[in-house]
Every structure is written in C-alpha cells, then in structure tokens.
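Have the structure open while you read.

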Number of protein chains: 4
Amino acid sequence: MAHGQASIARNTVVDAKTPNKRDRLVSGARRVIYERGVERTSLADVAEVAGIPVGNIYYYFKTKDDLVAAAAEAHVSDLGELFQRLEALDSPQERLHGLLDELSHVGGSVAEYGCPLGTLAGELDKRNGTMASPQSQQLLVTMVDWAEQQFVGLERGDARQLAVALIAGYEGAALLTHSLRDPELLADQVQRLQQWVDEIADTANQAPAARSRRALHDQ
Amino acid sequence: MAHGQASIARNTVVDAKTPNKRDRLVSGARRVIYERGVERTSLADVAEVAGIPVGNIYYYFKTKDDLVAAAAEAHVSDLGELFQRLEALDSPQERLHGLLDELSHVGGSVAEYGCPLGTLAGELDKRNGTMASPQSQQLLVTMVDWAEQQFVGLERGDARQLAVALIAGYEGAALLTHSLRDPELLADQVQRLQQWVDEIADTANQAPAARSRRALHDQ
Amino acid sequence: MAHGQASIARNTVVDAKTPNKRDRLVSGARRVIYERGVERTSLADVAEVAGIPVGNIYYYFKTKDDLVAAAAEAHVSDLGELFQRLEALDSPQERLHGLLDELSHVGGSVAEYGCPLGTLAGELDKRNGTMASPQSQQLLVTMVDWAEQQFVGLERGDARQLAVALIAGYEGAALLTHSLRDPELLADQVQRLQQWVDEIADTANQAPAARSRRALHDQ
Amino acid sequence: MAHGQASIARNTVVDAKTPNKRDRLVSGARRVIYERGVERTSLADVAEVAGIPVGNIYYYFKTKDDLVAAAAEAHVSDLGELFQRLEALDSPQERLHGLLDELSHVGGSVAEYGCPLGTLAGELDKRNGTMASPQSQQLLVTMVDWAEQQFVGLERGDARQLAVALIAGYEGAALLTHSLRDPELLADQVQRLQQWVDEIADTANQAPAARSRRALHDQ
DNA sequence: TATGAATGAGTTTTCATTCAT
DNA sequence: CATGAATGAAAACTCATTCAT
C-alpha cells in the first residue's frame, strides 16, 4: 500500500504505470494551496490542476490532511535542497544573504500570496486545533535551525535568538507585504535584514571578543 | 433596521430590549475567529457563543463576510482606543514600548492562537482573492501608521520603514511563537524590539544630527 | 380588527393616524410583484417600498397570500374603473379599442415585465396548487366578461368565444413580447387585434343577419 | 465529469453504471417544475422524484439554474423532434394543424398546469431579472420560427407576424384555460386557430396574388 | 490501481411569521 | 396600533470521503 511510506519513496524511481502521479498531486496541491489557502482549496481543485481524478487522490493520501501534510513536507524538502546549495558558499554571511535572496525572489508573488511557508504555517496552526501540528512547526523550525547554525558559525552565543529575529523579520515583512500588496515593502525590509546580517558578520570578524554584551537586535 | 452599523449606539448603555446583541455577536465572532480561524468558524459556532439562534445573525449582518468585517473593525477600533491611551505617555519611546507591551500581553494566548491581528489579516488576504481586502489592510496599516508617527516624533526620516520593521518584527515573532507553541520566543523577541526602540530613541536624544547615515535596522 | 373587511373599507375616509397605509402597502406590493414576481418578492421588499416596518404588514394582512390577494383585487378594481370610463364611449368597437389601447400603453413596461394581469394570474395559478385560486380567475374573468358584453353589444352569438379570443390574443402577445423583449411585437399584434375588432364591428353594422355562419376567429 | 452535457449520450442506451440518472433528473425536474413552477420547486423535490439524494444533483448540475436550463433545453429539444415529425406532412397547413393538435393534447393537463412552455418562459423571464434569459427566449422563439417557416411556405410576406399571432393566440388561450380551469376553452380556441390557418391556406391556394392587402389577423 | 459516481453531513442564506413592548 | 427584534424551518450549495467496478 502507498499510505504512510511518504518521504522515502517519493523521489525514488517511478514505476511505468504511475509517472509520479503522487508528485504531480503534491506539487499541484502546493500551488493551489499557496494561492487560495488550505481551507479554500478543495480536493477537486487539486485533482484538476494535477490532472488526476478526484477519487484517485485517495489512493495516494488517506485524507485531505495527509495531502496537505505532504505539501508541507515538500516545502521542507525544498528548503533542504536550498540549504545544501547554500552550503557551497564561503561564509555564513553569504549563506544568510542567499536565504533572504531566495525567499524574496519567489517572483513578486509574495505581494500577491504571501510567503508560501509562513501562510501555510499559519493555516496549519489553526487547522489542528490547539496542539501544534508537526508540519507547521517543521516548516519554520527548519529555517530557524539552519539560520541558527549560520549565526553559530559567526560565533554568536545568542545564535538562536538571532535566527528567530531573522526569520521573524522576514515573515513579518512578507505578511505586511501581502496585506498591503506592496512589493517594495518586502524589498526594503529584506535590504534592512541584509545590512543587519552584514553588521553582525563584520562585528564577528573585527572584534570577536566584544560581542556578547551588545543587545540582540542591534548589532 | 440594524444593517449598516449604528456606530454611535454601539458602545452606549444598552436598552432593555436588545442588550446589545450585536456587540455580543461581534465579540463572540472575534473570539471564535481568533481561536479557530475565519474559515473554520461557522455562523452556528458564533451563534452558539453569542447565545442566539443562527438565523438571527442575519438581522444584524447581511453576510458572514459582513460579520467578519465587523470583527476586524472592532479590532481596529480597539487599536484606536489603545493609541489614545498611549498618547498620554510622555515620549514616543514610551509609547512604542506601550504598544509592544500591550501586543505581547494578550494573556499568553499568542502561543496558542497567534496574534489576533496578524492571523486575521492573513486569512482575510486569502478570503478576498487577489485584490487586497480593505479590512485586512486596515488591521495592519493602523498599527504601522501609528508607529510611523512615533518614529517621526523621534525625528527619523526613515520613519515609515522603521515602523514597518517594528510591526513586521512583532508579527513575525508572533507567527513563530504560535507555530512553535513557545511563549518565551515572543518574550525574547519583544525584548529585542524594545531595546532596538530604546537605541533609536537614545540616538535621537544624543546626536540628532548624526542619524541619517546609519543603517536602517541597527540604530 | 382590520382583517377580512377588505374592499369596502379600502377606499373610505382615512383616519388621521393612518393615511392609508394599507393602500400604500397594496400598491407597493403591486409594483414590486409586477417587477419581480410574487415568489421573488419578499414582504421585506414590499415593506421597504411602502415605507412601512415589516412587522406592521401583519396588522393589515394575516399572511403574504392575503397581501398578494389584495394586490390582485386592486388590479381588478382598477379594471372596474377603466371599464366605467370606457362606458362613456359610443360604441362597443370604440370600447374594445379603448381596452387594447389601455393595456398596451402601460409605458412599454410590457417588454420589461409582461402584462401585469397575465403574469400575476400565471403565478397565482401555481401558487395555489391544483385548484383554481379565486384571485387569478377574477383577474382574467373580469376582462373576458367585459369584452363579452361588448361583443354582445355587437350582437354576436359567439360573444364569449370572441371575448376569449381577444384577451387570449392580447395576453399571448404580451407573453411573447416579454420573452423576446421586443416592444414592437406587442404593437403589431395589438394593431392586428384592433383591425380584427373593426371587421367584426363593420360586419355587425353592414349585414347584421349574415353573421352567425362565419368562423370565429376570422371575421 | 458530468457537467457540460453529453448531449449525444443523453438519449442513447443506458449503461449499467448510470441508468441515465441525468435524464431522470431532467425529466423529473421538467415534471415537477411544470406542476409547481420553478420557484416553488426545490431541489429536494426534484431529487425525490428522481429517486436520488439531493447532494448528487450537483454532480450533474452546478446550480439549480443549470438544471432549470436543462429542463428548458429538453423542451426545446422535444419541440425539435416534433417539428421533424411534422416535416413528414404534406403541407404547411397540415403541419400547423399538427402543432396545434400536439400542443393542446398534452393530456388535458393544460387546464391543470398551463402550457409547459409558456409558463416556464414566463417564470424564466422573472428569474433572470430584466435582461432576457436565453432559455426563455429559445422556448418560444423556436415555435415562432418554425411557424414562420410554415407561413413562408404559404407564401405570406407577413409570415413572421402571422407566426406570432398563432403562437400568441395559443399561449394566451392556454393561460386563460389554466386560470379558469376550463379545458373546453382551450378546445374552442384551438379550433378557431385551426380554422384561421385553413383560411390562410385556402387563400394561398386560390388567389396567390390577392393576399397582401388583407388584414393580418383576419384571413 | 483507476475512476466516475455517489453520499450525507455541514454551511451560508432567506423569509414568512410571531412576539414583546 | 406600531415596530424592532426574534425564530425556525427551509433552501441552495459544498465537499471530504466512500464505493462499485
């Protein structure tokens, strides 16, 4: 059976009869969910963009929730690939820049639909009632964790908090950008964040000792 | 008829006949929407919380959208009152602190449900398709505008961007806090933002001339 | 109480407090019903055009059906007045012309809304299930009866059938006019009917004896 | 999917899976709509008659309007078949007789429910507000167009107006018949119309040149 | 596996009618 | 008599999920 094996099987070789229908389903779901939101996306919608009959979705996913979870996982997986690519860069500073560049270059669609990860995380939070849904956590934790590593690389003892500040700064900017439908807003704030990262990096390079006393957000 | 709100009567003393059922409706809606999200809140839910039959909602609101809009407006109206209270404080610095205090003291519910304004704005953005819905804009614009005034009070030429950075920083932090169900995260970030505000204020007081060259996020 | 006394009280002197609210109600109902149809007209609609609170309708009419019936009766009553006016004319021929003129000069609204009497009769037929509703009968019977009298005045033994043919011709033309939204169609057919009436009248005048053998529709 | 009718399959043999549920739906709708009127027919009514759950209607028709439209189209389609059958007759005169026979032999149900086409057209006119609905036009236009062809076949220059007169005469008679619940009324008027058609046909045969000067309704 | 077709519970919305004052 | 407010029963429509083949 196909239920429950999830992420391992996903990128393995596809058998002839099913040229990765599951993948089409997941990426279709991702797209429609991004544009319309989870709650306003019906399985019929997904089926249509994926070119798959509705009933067939249930061969690949037991419930709508499962499909949504898979879409979330795909986002996480993409993030993983991104991080791997960024690993090739020379410094944490460049890598953090790379992340911000990537996030803000989703093609101006942020003003139209918001940040894919942030909006999805927000919806998943509501969807699963009070207890945190594992997927929504993953979405953002993945980013925060990675950013934390970069700040650790800059030898910051408060790396976790800096990471949170960075991601929060970006996600908040994306929310405002979406709400006000103003792409420039995102550009401005991303630039601010880049400069902020630069200063942290500069401080790390110049005076690696004097750091820890300075306030969190302001280095 | 009751459609088209009687904004004057709304907060006045309640006459015996209708112990402000409309208000009960709106605040019931606000609460349930905050907890479950707009899409997952049925009018039956709201009716139950407000203790009235579903059909009766339609005496006060022509559509669900109207009720949601009223809930959003109530948020904006509350913000207005908050700002008025903060106006009593002596300095922009204190006022900005006041805002952050208020926002983060919604009773620890941020970890459970997120920021009421941010999550609502996010949902409204999706609800009304691609074009921005007036309510979701208002929600955040109200805050940004007010914050901008405070930064103008600190004689910052980049007041708008600072305001955006502040609100974005807070909203992003709230999103992460909610997603990770970690109240401390919010506390940390709010503290960061407070310090950041303090530094901007200090700079304004000490060397009002040297400001403009410094980078945006780091004063 | 006001229920049930209906047509007598209607045109009597109005007491100061109620400047014929009932009348305003009835004529409001007539108008809206004509434009939107009985089923698509809500009591709220009627109340609005009449400038009367919804609840108050029930002082004058026990049910929606009663109000509709009153609207129908008002049409009949108007017809009565029309017939009285036409009585002043010299010949049946002129009177029948007068009826057709009146019916087709409702201001081109026939193309927009159909014949007020015909459409209402049609709706009432459906509204009251299988057994004929007294009001819908009255609506058309009143016209047919009167027309019959005119043909009797032309000394036609088949007066009833001629009357039916005339009214049917008109109502059918109004239906087509409405459906095709083509005012000229009505004008054409009314002209046809006028000529047909003329010929019947001519025949009556010229050869009062030769009549009875000719076919019904074709004189 | 089933939306967007499979007009070909509709009247073909039914495969085991779906014993033409769509057809059952449409003809059920036709029947109930005929008897109760569009506005007073709920989808639940139709579902019951068709023996299917309400929700399932929406698999075949996106909205109630669509179902109603399908019912109207079915009427038109039936008319098409009728006309094809009538084409076999030798003369326009016989064909017009055939139409009238068919229309008035709907089983005496005209007195109970009116003319299926006329009543439906009337309701559709109201349903779609002021602008003509395509279906209601089609209903009557189809008949008028065909009748026009027959009068053209009788070499009448005023064929269109004669066609309108014929259909209007019939529809008006059906309306009166229904309103007065008097089947004889219809019989009488249909006979009149037949005779009228005969005279036109006779005139065409005898003196094909002398026609155009005569009045419209009276040949 | 695949798929068109069910199914049924839920959601928004409308409205005639009633009620309390 | 007047009226704003209430109420509950429908109605149209949606959709996740299941089923038969």
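## Ground rules

Contact means heavy atoms within 4.5 Å. By that rule, 53 residues of chain C are in contact with 53 residues of chain D.

The model is predicted, so local features need pLDDT of at least 70 and side-chain atom pairs need pLDDT 80 or more, while totals for chains, interfaces and linings use all residues. Residues are numbered from 1 along each chain as its sequence is written, chains are lettered from A and ligands numbered from 1 in the order in which they are written, and side-chain values use heavy atoms, without hydrogens and water.

The size of an interface is often given as the accessible area lost when the parts come together. Buried area here is the accessible area (1.4 Å probe) that two parts lose on being put together, summed over both. For chain C and chain D that comes to about 4,400 Å². Carbon and sulfur atoms carry 56% of it.

Side chains of opposite charge can pair when their charged atoms come close. A salt bridge is a side-chain nitrogen of Lys or Arg within 4 Å of a carboxyl oxygen of Asp or Glu. How many salt bridges cross the interface of chain C and chain D? The rule finds four. Arg181(C) and Asp125(D) form a salt bridge, at 3.7 Å from N to O. A polar contact is a pair of N or O atoms within 3.5 Å; within protein, one must be able to donate a hydrogen and the other to accept it, and residues adjacent in sequence count only if both atoms are side-chain atoms. Twelve residue pairs across this interface are in polar contact, both residues at pLDDT 80 or more.

Next, the helices. Helices (H or I, at least four residues) and strands (E, at least two) are DSSP runs, numbered from the N terminus. Six names make up the list of elements that give two or more residues to chain C's side: α2 (21-36), α7 (109-113), α8 (116-127), α9 (134-153), α10 (159-180) and α11 (183-206) of chain C. Which one gives the most? It is α10(C), with 16 residues. For classes, Ala, Val, Leu, Ile, Met, Phe, Trp, Tyr, Cys and Pro count as nonpolar, Asp, Glu, Lys and Arg as charged, and the others, Gly among them, as polar. The side of chain C that touches chain D has 22 nonpolar, 16 polar and 15 charged residues.

## Where chain A meets chain B

Now turn to chain A and chain B. Chain A puts 53 residues into the contact and chain B puts in 52 residues. Together they bury about 4,400 Å², with 56% of it on carbon and sulfur atoms.

Four salt bridges link chain A and chain B. In one salt bridge, Asp125(A) pairs with Arg181(B), and the closest N and O atoms are 3.7 Å apart. On the side of chain A that touches chain B, the largest share comes from α10(A), with 16 residues. That side divides into 22 nonpolar, 16 polar and 15 charged residues.

## A salt bridge inside chain A

Over all chains, the whole structure has 40 salt bridges. Arg30(A) and Asp78(A) form a salt bridge, at 2.5 Å from N to O. Arg30(A) lies in helix α2 of chain A and Asp78(A) in helix α5 (residues 64-87) of chain A, so the pair ties together parts that are 48 residues apart in sequence.

## Two helix pairs

Axes are lines fitted to C-alpha atoms, for helices over the stretch in contact, and angles run from 0 to 180 degrees between N-to-C directions. Angles under 35 degrees count as roughly parallel, over 145 as roughly antiparallel, 65 to 115 as roughly perpendicular and the rest as oblique.

In chain B, helix α6 (residues 92-104) packs against helix α11 (residues 183-206) at about 170 degrees, with axes 10 Å apart. That makes α6(B) roughly antiparallel to α11(B). Residues in this contact include Leu96(B) and Leu100(B) of α6(B), and Val190(B) and Leu193(B) of α11(B). By class, the contact has seven nonpolar, four polar and two charged residues.

In chain D, helix α2 (residues 21-36) and helix α5 (residues 64-87) pack at about 90 degrees, with axes 9 Å apart. The two helices, α2(D) and α5(D), are therefore roughly perpendicular to each other. Among the residues in contact are Arg30(D) and Ile33(D) of α2(D), and Ala74(D) and Asp78(D) of α5(D). Nine residues of this contact are nonpolar, one is polar and three are charged.
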